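This report describes one protein chain. The structure is shown first, and the text follows.

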Amino acid sequence: MAQTPLRLFNSLNRQIEEFVPIHEGEARVYTCGPTVYNYQHIGNMRAYVFADTLGRTLQLKGLKLTHVINITDVGHLTSDADEGEDKMEKMAASQGKSAWDIARFYQEDFERDLARLNVQKKQHPRATQYVEEMIAWGKRVADKHCYELESGLYFDVSTVADYGKLARAVTEEGEGRIERLEGKRNAADFAIWRKTPEGETRQMEWDSPWGKGAPGWHLECSVMGEALLGFPFDIHTGGIDHREIHHPNEIAQNQAYCCSGGLSDATNSGARIWMHNNFLVERSGKMSKSSGEFLRLQLLVDKGFHPHAYRMMCLQAHYRSELEFSWEGLEAALTRLKRMIMAVERLADAPSQPVAEHPKFAAPLAKFEEAMSDDLNTAIALTALEDALATKKVDAGIKRAVVEHMDAVLGLDLFSLSRADLRIRPASAEIAEEEIEDALARRKAARAEKDFATSDAIRDELAAKGVEVMDGDPLGWDWKLS
């Protein structure tokens with residue numbers, strides 16, 4: 001199959017451009033990872049579904065992928081703009097645990113969520129593993145680009161060209177979230193190193209030329225990106241919230257470290273292409289951390305939804321579009337996934353073959369290739385997959401190969417799921433599946449005998465226990481728990 005050139009939207013210049021790898025035959029990608037002081041909201045997890053889809057698409061193009069997702073276990077303050085308490089230290093104090101234990105616990109939970117969403121395994125370096133390299137970085141840029149205040153070492157953003165181009169900051173004050181700290185030369189200047197205040201002791205602190213303390217949040221990504229991928233690397237991704245402060249600061253550090261010029265040459269930023277996924281929007285306001293029902297992946301599972309329903313929900317929208325979350329929307333995504341699983345189950349016994357030219361699959365394969373090559377248009381790619389599944393009177397082995405080819409990019413893991421896996425089963429349900437299946441078998445027998453009174457009584461009995469018997473469901477599902 002002829003390949004369509006991959007075109008991606010570069011946030012740095014706000015243009016779609018053809019992807020050409022810096023190193024022939026390979027792609028190097030860095031994704032901003034989580035601060036592991038708490039569970040991850042599903043809005044955060046959208047960023048990793050997007051990054052995973054990008055990585056899978058690069059592999060579709062035949063490239064060897066090196067993909068890094070860092071773990072922030074030090075340095076991130078309660079404000080993105082160098083204000084407030086250290087998130088790790090604050091959570092450790094509130095739980096009476098060490099910051100190291102907090103980081104380990106929430107990193108493991110994050111990695112568990114990645115696995116449940118079928119995100120491919122990647123490198124997960126921790127910031128605390130690179131503190132010495134961060135200090136060396138600070139030494140290299142300090143003389144020309146930094147100045148000291150009582151609170152730490154600060155980067156002077158006026159010393160690099162085109163600061164804020166990524167965020168399109170046009171005023172001296174820059175981003176509205178940045179508050180002026182006494183002594184800062186420019187409102188947008190940020191900490192490279194934060195000194196431990198006099199008389200205090202942090203759990204995470206190190207000696208440095210600027211005093212005992214901890215690195216600033218932005219420094220870790222510059223250091224780990226250069227150490228693990230080399231400057232310049234191909235693609236840097238993150239949530240759209242990083243586009244305004246974190247990534248402009250990271251770019252400024254990269255420019256200073258490489259002694260490079262302005263950002264008309266994108267490689268001077270450290271990466272050739274910068275990509276950002278848009279927000280997940282939950283309009284009811286009932287799912288925030290403060291409301292008590294924090295919208296994390298485990299909540300979806302507890303309410304009975306398979307995690308892949310959320311992956312499907314993410315794929316149904318373009319990564320640069322806002323995605324609105326609702327339980328009705330999640331159930332619709334689950335239903336769509338169920339339809340695919342039903343079609344795939346018919347191919348279960350077919351031996352997979354290499355994807356070959358076949359006249360009936362030419363159109364869906366071309367549609368899929370063009371959609372994924374057009375800035376990862378997963379919404380159209382899903383319809384191409386459905387077109388392939390709906391194709392009739394073809395060899396089952398070839399059809400399976402085509403579906404596997406597409407699913408390898410979309411990551412829905414269609415051949416590993418069954419209809420039973422996707423039943424809605426809340427964790428709070430007080431009835432076991434065996435009891436449900438036994439009742440349904442008795443009901444089926446009663447209907448066969450035209451004993452509709454008994455059939456209705458069994459249905460009502462199940463309904464009282466939260467089981468909805470779905471007689472009229474065109475998908476052929478027996479039941480779901482509400």
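## Model and conventions

This is a predicted model, in which local features need pLDDT of at least 70 and side-chain atom pairs count only at pLDDT 80 or more, while totals for chains, interfaces and linings use all residues. Residues are numbered from 1 along each chain as its sequence is written, and side-chain values use heavy atoms, with hydrogens and water left out.

## Overall chain

The protein chain contains 14 helices and 14 strands; helices (H or I, at least four residues) and strands (E, at least two) are DSSP runs, numbered from the N terminus. Along the principal axes, its C-alpha atoms fill a box of roughly 90 × 55 × 35 Å.

Of the 482 residues in the protein chain, 55% are buried. Buried means under 20% relative accessible area, exposed over 50%, and partly exposed in between, with a 1.4 Å probe and protein chains only. Among contacts (heavy atoms within 4.5 Å) between residues at least 6 apart in sequence, 75% join residues at least 24 apart.

## Helix H6

Helix H6 spans residues 246-258. Its 13 residues reach 18 Å from the first C-alpha to the last, close to the 18 Å expected at 1.5 Å a residue; the expected span is 1.5 Å times one less than the number of residues. Cys259 follows H6 and has a positive phi, near 50°.

Twelve of the 13 residues of H6 are buried, among them His246, Pro248, Glu250 and Gln255. The buried residues of H6 pack against H4, helix H5 (219-229) and the strands S6 (152-155), S7 (190-195), S9 (233-239) and S10 (271-277).

## Packing of H4 on H6

Helix H4 (residues 131-145) packs on H6 at an angle of about 85°, with the axes 9 Å apart. Axes are lines fitted to C-alpha atoms, for helices over the stretch in contact, and angles run from 0 to 180 degrees between N-to-C directions. The angle therefore makes H4 roughly perpendicular to H6. Angles under 35 degrees count as roughly parallel, over 145 as roughly antiparallel, 65 to 115 as roughly perpendicular and the rest as oblique.

H4 contributes Trp137, Arg140, Val141 and His145 to the contact, and H6 contributes Gln253, Asn254, Ala256 and Tyr257. By class, the contact of H4 with H6 has four nonpolar, three polar and one charged residues. Ala, Val, Leu, Ile, Met, Phe, Trp, Tyr, Cys and Pro count as nonpolar, Asp, Glu, Lys and Arg as charged, and the others, Gly among them, as polar.

## His247

His247 lies in helix H6 and is buried, with a relative accessible area of 0%. Not counting residues up to four places away in sequence, His247 touches Cys32, Leu166, His236, Thr237, Gly238, His242, Trp274 and His276.

The side chains of His247 and His276 are joined by a polar contact of 2.8 Å. A polar contact is a pair of N or O atoms within 3.5 Å; within protein, one must be able to donate a hydrogen and the other to accept it, and residues adjacent in sequence count only if both atoms are side-chain atoms. Cys221 is 26 residues from His247 along the chain, and their C-alpha atoms are separated by 9.1 Å.

## Asn70

Asn70 sits in the loop between strand S4 (64-69) and helix H2 (87-95). Its relative accessible area is 1%, so Asn70 is buried.

The side chain of Asn70 makes polar contacts with the side chains of Tyr30 (3.4 Å) and Glu220 (2.8 Å). Leaving aside neighbours within four places in sequence, the residues in contact with Asn70 include Thr31, Cys32, Pro125, Cys221 and Met224.

Helix H1 (residues 42-60) and helix H8 (residues 307-315) have axes that come within 10 Å and cross at roughly 70°. H1 and H8 are therefore roughly perpendicular to each other. Tyr310, Arg311, Cys314 and Leu315 of H8 meet residues of H1 including Ile42, Met45, Val49 and Arg56. The contact of H1 with H8 divides into six nonpolar, two polar and four charged residues.

Helix H12 (residues 396-410) has 15 residues, of which eleven are buried. The buried residues of H12 pack against H1, H8, helix H9 (327-345), helix H10 (359-373) and helix H11 (378-390). At the start of H12, a side-chain oxygen of Asp395 reaches to within 2.9 Å of the backbone nitrogen of Gly397. After H12 comes Gly411, with a positive phi near 70°.
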